[in-house]
Amino acid sequence: MTLLLNCRELHKSIGPRSLFANLSFTISTGDRLGLIGANGCGKTTLLRVLCGLDEPDQGEITLAANIRTGYLAQENIFDDSMTATAVLLEALEDLPLDETERYGRVQAMLSRAEFTDYDIRAATLSGGRRKRLAVCRALIREPDILLMDEPTNHLDLEGILWLEKLLAGGFPGSPAAFVMVSHDRIFLEHTADRIMEIAPLYPDGALQVKGNYSEFLRRKDEFLTQQQEQETRLANRVRRETEWLRRGPRARTTKARYRIDEAHRLQENLARIKNRNREDRRIQIDFSATDRKSKKLLEARGLTKSYRGSVLFADLDLVLSPGRRLGLLGPNGCGKTTLMRILAGTGSDNGPAPDEGTVRVADGVNIVFFSQDRQELDRTLTLKQALAPEGESIVYRDRAVHVVTWAKKFLFRPEQLDTPVSTLSGGEQARILIAGLMRQPADILLLDEPTNDLDIPSLQVLEESLLEFPGAVVLVTHDRFLMDRVCDGVLGFDGSGKTLFFADHEQCLAAFQKTGPKKAKTKETAGRKKKNTTSGRLSYLDQREYDAMEETIGQAEEEEKRLQQEMEHPDTVSNPEKLQTCWEKLEEVRQTIQALYDRWAELETKKEGGG
């Protein structure tokens, strides 16, 4: 492995607060470093230091000769008037490439990101597509080291799986190494081969472990156990030495001066280790529940909802009882948030209503909704006003809690209380909202992406709290680790109006991948298909077509795979005419595959009707 970057004893502070100190590590070819730590520990700042956007207060960074770094920031900032092609061309402006090379790179990169319209304007892109474009912008310069800050933000599960595949490398110009900040533990498990956690509980300011996230957790547990044992041993030694010191002047001769110095050194070491062992702070999340004993808190029957002519879900039945924890999984725009808003608005004028179906809620049931857009957070307030709207204290579980104590519960410092909410980080704003949720007794918690911007320690506490909550929970999250740990079932949305219940996220993904891509059905096309499909057994020709369909689709998908590989070949990328021809063939094959799947579904409907 070739050394690409070397960091020695990096220090960085913001005002009086130290972010990290004495941080040393290296990056070599092939490294896949996952960077984790609590909100505010300096992860983003460290990435900015590594790519030259910020300077360390102390320490040095050495890059090997001719090494180029690329940076993917948390926020995807584009000129909304520009097309996807223009955004990527702009990123190549200062590189010594001719026009053919530029356009070849852009088209290959957009194809790799699964864009079908290269001239789509940034303003019309969804959050997930904007993130894909931002990843393309960072990669198109072919950096040797790619630095990524929360790369899964705004991506749905399909997008996260795409990014995992992309980071596996193997395409022309892929980075020799990458460093990424992420709180997505399964994403880290799949993509990182080394984990570094920045935290003051470690002697060197960070713990580095070679291996995936599971190995990191094992080694961290070993380290913390050893450090706790070290504190116990030191405490015993300090106690013995302190007793010796108290024996009086006769014991403290000149010859014993070294022992007095050693006793003071042990006391200082013990104080440092105690401080480190107590630095593992986490927010204290504890959702307040009512004492309701109803077996059915909410019952939905035959829910159907469409948006702009597309069916989001149809004929959906759902029962929520105490202890039920249901995860919602599917691509962006499939209807998960819409369903949550329908359930949250039940019995009031808030939220959309279903097109068909009914929702019945038991008398007096309290439903609490956490919205992913966080519109309920007034960013003009100070932190103190947001945490304690009534004044100097809040009422939690029938007792008054002072705002300073309440703030500390969520890892806010007293000196932050006058800080405007608008200047706080995304993680800090999320903690304010969770603090508000905790003050509301609930029977049903509807949580739409509550994990956005939360650090891993906070996620772990959130998991424990949800597991202990006695009411019902409906959870939308792209954090597969949290979903599998908390939820006892998953409701999957396939994006075409179909919903099914599964045991976990892996079963859901496997089922929907097996059925292949589908176009969203509209009421009009669904109705037309139903009219044109006659009940009865398949005809001889239809049966022959049905029997051969799986093989036909398989052959078409193999051709799609071959053309995709051909598009990514350097000879194709450098030849615009060849690239365009290959792209047209690929689009034609993709349309054929879509038509085959549609025909297969039609034949299956006929077959079932004749059964």
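Tutor: Welcome! Helices here are DSSP runs (H or I, at least four residues), numbered from the N terminus. The model is predicted, with local features needing pLDDT of at least 70, side-chain atom pairs pLDDT 80 or more, and totals for chains, interfaces and linings using all residues. Residues are numbered from 1 along each chain as its sequence is written, and side-chain values use heavy atoms, without hydrogens and water.

Student: At what angle do α2 and α4 pack?

Tutor: Helix α2 covers residues 84-91 and helix α4 covers residues 127-139. Their axes (lines fitted to C-alpha atoms over the stretch in contact; angles run from 0 to 180 degrees between N-to-C directions) are 9 Å apart. The two helices are therefore roughly parallel (under 35 degrees), with a packing angle of about 25 degrees.

Student: Which residues of α4 make the contact with α2?

Tutor: Contact means heavy atoms within 4.5 Å. From α2 come Ala84, Val87, Leu88 and Ala91. Facing them from α4 are Leu133, Cys136 and Arg137.

Student: How many charged residues does the contact of α2 with α4 have?

Tutor: Asp, Glu, Lys and Arg count as charged. This contact has six nonpolar residues and no polar ones. Its charged residues number one.

Student: How far apart are the axes of α4 and α5?

Tutor: Helix α5 spans residues 157-167, and its axis crosses that of α4 at roughly 15 degrees. The pair is therefore roughly parallel. Their axes come within 11 Å.

Student: Which residues of α5 make the contact with α4?

Tutor: On the α4 side are Arg132, Val135 and Leu139. The contact of α4 with α5 has five nonpolar, one polar and two charged residues. On the α5 side are Glu158, Gly159, Trp162, Leu163 and Leu166.

Conventions:
Angles under 35 degrees count as roughly parallel, over 145 as roughly antiparallel, 65 to 115 as roughly perpendicular and the rest as oblique.
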